[in-house]
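Hello,

Here is the structure I promised to pass on. Please have a look before reading my notes below.

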Amino acid sequence: MTAYRTVRGRLIIACAVIFWISTLPNLFAQSIPASTDAGELHNLIQPHLPHPLAEDNQPVDTLDVAIALNQNAEPVVFSIPGFHSLGCAKCHEGESLHLKAADRMRRVLARLKAIQPDLTAVPLRQYIIQSWSDALLAPHQLAHATFDTIRISPAAILIDDKAYQEATHLHESLHLTQKFVGPANELEAYGLNIISDPRFLILNFPYFEDVVKTFFMPDFHLVLNDFFSRPVKEKLNVPREVQWFLSPFSAEQLEQLKQSIEKMKPLLSEVSRLNREHPRESAYLSEQAGNPALLLEIVAAHHLPIPASSISTETRRKAFELFELQMNKTDNTRLGYKVNRKKEALLFIQHHLKVTAPITRLALYFQLLKQRFVKQDGKIALEVKEQEEFKAYTLSKIEGIRKMINYKGLSKIEREAAQKLIGRN
Ligand SMILES: [Zn+2]
């Protein structure tokens, strides 16, 4: 679930629950029968698998109903394009799907407001159940918050209902409120998901792993190993992470993780604040570092006691130099590389400076973050050194939105909202 991704050369603004399938080591998975729940979900998803439309021609028919989610609100357009032409009408009575979706969104928005009271308005104008795959919703993508619009696949609705307890809807609703694009948006949205269920932290570990390891659970990698070594059934049409989510897992480990998340809550709020107040800087710095966790790591370095390490002043100085060298590189933002600069530096420190204990290397990293981003007044400053690069990066993102506006599959509401987003940036 990266904040944007290029699909057929188009920029996807705020993606949804894209699976980590591709990034998780395949060797973890073995084949044995999955639980009944996964089997049931498989049967439900089976008739709803997304297929591309012939020549990418959008459906000509649609079933739209405008529903106000509360008394004072503007109605939201609930829409099922292709309701008749794509065969949904054979099994479904359309209006009841819309009423159910409206109820779902009422619950989700109330929950979002309870977690983040500062979010006074969520600009939801349209909810599209999209049963095909295209540039806006890839086959493996559950949902996508575009512009004032949630596009969601039927499979995602089923998964949210049967397994995720509406986490995808919550995630996408938060995306609607974000002011720019970029990796920090995903960090913020997953931050919301982990508060509801610690299993989302495991499934999305790259965003949280090093903070959890350094400050709360030094053996967190063992939890990851245990979680992902449980077998999944590859033949089911249920994403692997949903199967992992559903199958039983150590209550003790989950409880331990839950307690860590409880302590992380103030950090997650601060991440949200920074991303709201400095959306472009948050995006740029995270992408420059090739590290979607950067904002959370800066906040943790600021607020939590960094483990002490008995390391010579000379080694520390060299380690800081290596971090600086990596983090000042601009290949990720300028050339579109995807190199995690933190990982690069940690490797150098391990092999060249012979700092063998992983926790010592991480402690050095968090010390560096503190030195670099926390100023004399004790506040975090997300300063971008390369102003020209920063400007070019912002413009390239806006150019991406412009290209997306030209995609024929985009609705009128999305087009208008995209124009507004460009205007604001
Ligand atoms: Zn997302």
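My notes on the model follow, from the overall picture down to single residues.

Please keep in mind that this is a predicted model: local features need pLDDT of at least 70, side-chain atom pairs count only at pLDDT 80 or more, and totals for chains, interfaces and linings use all residues. Residues are numbered from 1 along each chain as its sequence is written.

**Confidence**

pLDDT is the predictor's confidence in each residue, from 0 to 100. Its mean for the protein is 90. Of the residues, 92% reach 70 or more. Residues 1–35 are another matter: pLDDT stays under 50 there. The model still has 91 contacts beyond four places in sequence for that stretch. Two residues are in contact if their C-beta atoms, placed from the backbone, lie within 7 Å. Where pLDDT is low, the predicted coordinates should not be read in detail.

**Overall picture**

The protein has 18 helices and 9 strands. These are DSSP runs, numbered from the N terminus: helices are H or I with at least four residues, strands are E with at least two. The C-alpha trace spans about 70 × 50 × 40 Å along its principal axes. The radius of gyration is 22 Å, which agrees with the value near 22 Å for a compact globule of 425 residues. That radius is taken over C-alpha atoms, and the globule rule is 2.2 Å times the number of residues to the power 0.38.

Buried residues make up 43% of the 425. A residue is buried if 20 or more other C-beta atoms lie within 10 Å of its own, exposed if 12 or fewer, and partly exposed in between; C-beta atoms are placed from the backbone. Of the contacts with a separation of 6 or more, 70% join residues 24 or more positions apart.

Two strands pair if DSSP finds at least two bridges between them.

S9 (residues 149–152) has partners on two sides. With S8 it pairs in the antiparallel sense, over 3 bridges. With S6 (residues 126–129), S9 pairs in the parallel sense over 4 bridges.

Arginine 151 in S9 stands opposite histidine 144, and is also the bridge partner of isoleucine 128. Isoleucine 152 is the bridge partner of alanine 143. Both faces of S9 are covered: Thr149 and Arg151 are buried on one side, Ile150 and Ile152 on the other.

Phenylalanine 78 is in S5 (residues 76–81). It counts as buried because it has 23 C-beta neighbours inside 10 Å. Leaving out residues up to four places away in sequence, phenylalanine 78 touches Asp64, Val65, Ile67, His98, Ala101, Ala102 and Tyr127.

**Helix H15**

The buried residues of H15 (residues 341–351) are Arg341, Lys342, Ala345, Leu346 and Ile349. Seen down the helix axis, they fall within an arc of 135 degrees, so they line one face of H15. The arc is that of the directions from the helix axis to the C-beta atoms. These buried residues pack against H11 (279–289), H13 (313–327) and H16 (358–373).

**Positive phi values**

Most residues other than glycine have a negative phi. Three residues to look up:

- Aspartate 148 takes a positive phi near 55 degrees in the hairpin of S8 and S9, which has 3 residues between the strands.
- Aspartate 56 has a phi near 60 degrees. It sits in the loop between S3 (51–52) and S4, and counts as partly exposed with 13 C-beta neighbours inside 10 Å.
- Glutamine 165 has a phi near 50 degrees. It lies in the loop between H3 (154–164) and H4, and is partly exposed, with 13 other C-beta atoms within 10 Å.

Best wishes
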